[in-house]
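Hi everyone, thanks for coming along. Let's have a look at today's structure together and take a slow walk through it.

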Amino acid sequence: MAPLLKRVPREFRNNLGKYLGIFLLFLFAIMMGSGFLSAAHSIEVLQKDMHERHSVEDFHFATQFEAAKRSIEAVEEMGCTVYEDFTADVPMFVSGDERPMNCRLINQDNRVEVNRGYYFEGVAPAAEDEIALDRVWCKNNNISVGDTVEVGGRQVKVTGIMSLSDYECLMEKNTDMLFNSTTFSVALVTPEGFRSMAGAKKDYRYDVILDDRSMDLVARTNFEKDAATLLADHDEILTDLTDYEFDNKAIFFANDDVDSDQTMWEVLVMLLVVIMAFVFVVLTNATIEQESAVIGTLLASGYRKREIVAHYMVLPTIIGILGCAAGNYLGLTFMSTPMQELYYGSYSLPPYEYTFSPRVFGLTTVVPFTLLEVVTLLGLMRKLRFTPLAFLRREVANRSRRATLPLPERIGFVRRFQLRVLLRNLSHFVVLFFGISFCSLFLLFGLCLMPVVDHYSELLKSDVVANHIYLLKAPLELEGTPNERAAYKAVEDMLEVEDPLTDLGMVGYARTLMSMMDLDDDAHPVNTTDNGAERIAQAEKFAAASLAIDHVVTDSSEEITVYGISQDSRYWPDVDVSDGAVVIGTGLSQKCRIKPGDAFSLFDKYTNKTYELVATDVWGSSANMNVYMEMSALNRLVDEDEDRFMGYASDEELELDQRYLATDITPESMSTSADQMQESFGDMMGMVVAFAIPVYLILVYLLTKTVIDRSSRYISYMKVFGYHNPEISRLYVRAITVTVLVSLVASLPFVIWLCDVFVGFVMDRYSGNLEIYIEPPLLMEVVAIGAAAYVAVALIHLWRIRRVGLAEAMKVQE
């Protein structure tokens, strides 16, 4: 093997461009995949560990007033520990910034055993005039340790920059669609600071840790319902009860984002693997054709086939190992930081700790390297079936009759020569077409996602049928007599006073007062504000239920809203829900592949109940993920009273009691979810495009290089015949140029179709249905970037043609 080993350095020098291209392809693919997926996996591990590591609550509840000790003890006897965690929202101002901000004060002594925080800079507050603020908010407002801010009318010093384990995402209210990390922050203060800054207005929140933390969602939900019933039996007014895993947006919002993004990057990595497979197949065949005379000589000299296979596996193996090593090193160092910033710039996550993932290493490193080895090995073994004489005569190439087809003599010499180049290398150009297609897909995906999100935002707005869609926490009647409004107003005012007045307790006192005023305790409450006859008349009641549906493409599920509307609805006039009809949104139909007449299942993840329905019609835009039924039919389905309603559709703004209002959906507010997606995807898609361009350049170079290499002898002949370099370049490079440009344009329909499939698969884990939306200027941009990348490649080919020497023509062919 010594003589063969001596050929390795010379072979490397002679094919430097090829091996450098393979190295760079490995480098970029692994650097991108390993950098992001390793960072995302490490963050995901941190998030999962927080439940135990930082004692994150299993659920929390809040009461109108401070709960009695006996009420808390009764809940704890069920099998849990309840921790006092009072909060207070107070105004906050930053010097030089006139925007009003909200600061949620938390007594740091209440965060020792539950929902613990972690400090990035500074220390915990030690004095009444000291405070620790959220890291992301501080970053967005340029606040550092030692700065002073105004909180609750007092100047306080920032001693620490931290994050809380139950506020990974700065959701001001759990009903908000968009987190707010610019004008809202949570803050830890001393007990004295909490008393002095919070004042009398406090939110009486209690965090709960279950004795059995392994309960599944259904069991935990039943426990929470029992706890709520028990608190009501003890005359406590429950204002909030939120489960940590699926209800608390401040916790699960970031978790879902990281999990969904990993799917997208895994698909991108697999797309790169497909691109690499094209390259390896072409380069392996080209290497054997180029080295056929050498291989024939070695076989004739007595070398075994396995020795030759081992020799030609050396360089690809070394280059592959070096590319994998360099890609992983740069991915885990250089690329890890910007990948982390994609999340740490938006979410209040714990300090980053790298966690090795065998799955990520296998996907980003083992799979590409194994692919290189297998493709090279199979290509060598397939070609070594030829005899030594066939190798010496260079007959191992797949000679097609197309290469010798007679061409019309009326075609000029130059044009016939270019056609001959195309015919002789047709198989290579076919591979080039598909390679360019996949690279264009990679590029188009990075460029089109923002327009897709913008289009999705416009569709969401169009699906809001009224200026206001009010979702309620409980039924609230708009119509009522002045006496009823006054009575309920009196009850509301009484509940706002923190003074029990009697031994009955607040709930008991309220019920007594309602009885004295002849108010039915079981009737729907009446809104305390009279909105006027005209506004009330145009408002329309609807029922609503939040249920989940399984996705078809992935093993994930998604929560959707089922609306119960009137048959003669003013706001949904085109939705026919008569005779038990079930109308589904176009987006739901597309994403879950449900057509009219198909049966589908919805389920309640909190009760584990499943509901079987049959779609009768499709309505709305491609962003509409709702289901529509007649109001009484929906209430019967979910086992509620037939007159139950959970909201109002209204073109006029209504004044509703805040105690009952869950959220107000307007056309403008629906775009906030799209704004959130833009914020999440913006930097990420910029990285995808930044990686797509060099990968594009490398792929086109490697695939077109084989054409020049195969034609080196003929190029030398032409130089012997007196042709100059520009003339030769015109014959060869122009043929390649035409092929590349035609491939860029001709592949667009195929690329658009692939991108539609690609976006559908990648976005399956995200809520909503994002359909492909590509305008002509975007396609022109893809073609322009591809053409610009090829210009750089063409310049390299022109340089290589000039380097082909006359001696090449003198080498013996047979």
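So, let's begin with the parts list: the chain contains 24 helices and 21 strands. Please keep in mind that this is a predicted model. If you put a box around the C-alpha atoms, along the principal axes, that box comes out at roughly 115 × 65 × 50 Å.

How many of the residues count as buried? There are 814 residues in the chain, and 55% of them count as buried. Contacts tell us something too. Take those in the chain with a separation of 6 or more: 83% of them belong to residues 24 or more positions apart.

Now for the inside. The largest nonpolar core has 181 residues. Which residues have the most contacts inside that core? They are Leu-105, Ile-131, Leu-133, Val-151, Trp-265 and Tyr-732. Helix 14, which covers residues 426-462, gives this core its largest share, 19 residues.

Let's zoom in on Leu-133. Leaving out residues up to four places away in sequence, Leu-133 touches a whole list of partners, including Met-92, Cys-103, Val-149, Ile-161 and Ala-187. There is also another core, lying apart from the largest one, with 23 residues. Among them are Ala-545, Ile-560, Phe-600 and Met-631.

Next, find helix 2, residues 16-53. We'll follow it to two partners.

One partner is helix 7, residues 249-290. The axes of helix 2 and helix 7 come within 10 Å and cross at roughly 165°. An angle over 145 degrees counts as roughly antiparallel, so helix 2 is roughly antiparallel to helix 7. Their crossing is left-handed. If we sort the residues of this contact by class, we get 18 nonpolar, 6 polar and 5 charged.

The other partner is helix 10, residues 336-344. Here the axes come within 8 Å, with a crossing angle of roughly 45°. Helix 2 and helix 10 are therefore oblique to each other, and their crossing is right-handed. Which residues make the contact? From helix 2 we have Met-32, Gly-35, Phe-36, Ala-39, Ile-43 and Leu-46. Helix 10 brings Ser-336, Met-339, Gln-340, Leu-342, Tyr-343 and Tyr-344. In this contact of helix 2 with helix 10, 9 residues are nonpolar, 3 are polar and none is charged.

Note on methods. Residues are numbered from 1 along each chain as its sequence is written. This is a predicted model: local features need pLDDT of at least 70, side-chain atom pairs count only at pLDDT 80 or more; totals for chains, interfaces and linings use all residues. Side-chain values use heavy atoms; hydrogens and water are left out. Axes are lines fitted to C-alpha atoms, for helices over the stretch in contact, and angles run from 0 to 180 degrees between N-to-C directions. Helices (H or I, at least four residues) and strands (E, at least two) are DSSP runs, numbered from the N terminus. Angles under 35 degrees count as roughly parallel, over 145 as roughly antiparallel, 65 to 115 as roughly perpendicular and the rest as oblique. A crossing is left-handed if the near helix is turned anticlockwise from the far one by less than a right angle, and right-handed if clockwise. Contact means heavy atoms within 4.5 Å. Ala, Val, Leu, Ile, Met, Phe, Trp, Tyr, Cys and Pro count as nonpolar, Asp, Glu, Lys and Arg as charged, and the others, Gly among them, as polar. A nonpolar core is a set of buried Ala, Val, Leu, Ile, Met, Phe, Trp, Tyr and Cys residues joined through side-chain atoms within 4.5 Å. Buried means under 20% relative accessible area, exposed over 50%, partly exposed in between (1.4 Å probe, protein chains only).
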